[in-house]
Amino acid sequence: MSEFLSLGLNRQLLNAIDDLGYEEPTEIQKKAIPKILNGQHVIGVAPTGTGKTASYVLPILKKLNYAQGNDARCVIFLPTHELVYQVHQNLTDLGKYTDLRFVKIFGGGGIKAQRNALSEGIDVIVATPGRFMDLYKTGYINLRAVNTMVLDEADKMMDMGFMPQLNEILEVVPKKKQNLLFSATFHKNIEKLSED
């Protein structure tokens, strides 16, 4: 637990970590959390099951701190609705002692319920790119407050043909923001995406 404390996380997050039974940070958590807290852009490459999600969720929760305004301040993109659920659950578990608001958006889910959730005020959107752009184009998502964007499972997103939607997203999110890109593998397409 003391190692998590040394990473600069606050008491609410440490309590949630304790509840989940995490004893010490993984390698990617030790490397990524301080850099993300310092506002740096980060590319994190680590195999599945090494705590990648918590390595960006924890510092994002710390930086957001408390619920504020109606528009998302962070957007997290994933390739499948199963991964959207997993990351949303991670946010919920690690953010349980905060008042931060999270919404999950994905194709195949009820769009009306997703619109309603967005209109109630949010801090973090966890989304698949296609449904996100549908809701953005119809005016349900305002991006002016976004200061952090995460592309998780970036290698899978590319393999699944999401590059056109990702390029569209890069056009509409604010230019001045922290960019976090996480992937299980690193190949030339990831390098190109990180440059974009």
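**Figure 1. The second largest pocket of the predicted model holds about 250 Å³ of space.** Rolling a probe the size of a water molecule over the atoms shows where empty space is left. Fifteen residues line the second largest pocket. Those nearest its centre are Thr48, Gly49, Lys52, Thr53 and Gln86. Two helices, α4 (52-64) and α5 (81-94), each supply at least two residues of the lining. Of the elements involved, α5 gives the most, with four residues.

**Figure 2. Asp71 and Arg144 meet in a salt bridge.** Side chains of opposite charge can pair when their charged atoms come close. In the pair formed by Asp71 and Arg144, the distance from N to O is 3.0 Å. Arg144 counts as exposed, because its relative accessibility is 65% and the exposed class begins over 50%.

**Figure 3. Asp123 and Arg73 form a buried salt bridge pair.** The side chains of Asp123 and Arg73 meet at 2.8 Å, N to O. Asp123 belongs to the loop between α6 (111-119) and β4 (124-127), and Arg73 to the loop between α4 and β2, so this pair ties together parts that are 50 residues apart in sequence. Both Asp123 and Arg73 are buried. Together with Arg101, these residues are linked in a network of salt bridges.

**Figure 4. A salt bridge joins Glu168 to Lys137.** The closest N and O atoms of Glu168 and Lys137 are 2.8 Å apart. Because Glu168 lies in helix α9 (residues 163-172) and Lys137 in helix α7, the pair ties together parts that are 31 residues apart in sequence. Glu168 is partly exposed, at 30% relative accessibility, while Lys137 is exposed, at 56%. In the model as a whole, the count comes to seven salt bridges.

**Figure 5. Ile43, Val45 and Phe186 make a nonpolar surface patch.** The area of this patch is about 250 Å². One of its members, Phe186, is found in the loop between β6 (178-183) and α10 (188-195). Phe186 has a relative accessible area of 42% and is therefore partly exposed, as this class lies between the limits of 20% for buried and 50% for exposed residues.

Key. Residues numbered from 1 in each chain as written. Predicted model: local features only at pLDDT ≥ 70, side-chain atom pairs only at ≥ 80, totals over all residues. Heavy atoms only, no water. Patch = residues over 30% accessible without salt bridge, like charges linked within 9 Å, V, L, I, M, F, W, Y side chains within 5 Å. Areas by Shrake-Rupley, 256 points an atom, 1.4 Å probe, with all protein chains shown as cover. Salt bridge = Lys/Arg side-chain N within 4 Å of Asp/Glu carboxyl O. Buried < 20%, exposed > 50% of the residue type's maximum accessible area, 1.4 Å probe, protein only. 1 Å grid on protein atoms, 1.4 Å probe; cavity = no way out; pocket = protein on both sides within 12 Å on 5 of 7 lines; lining within 4 Å. Points joined across faces, edges and corners; volume = space filled by probe spheres on them.
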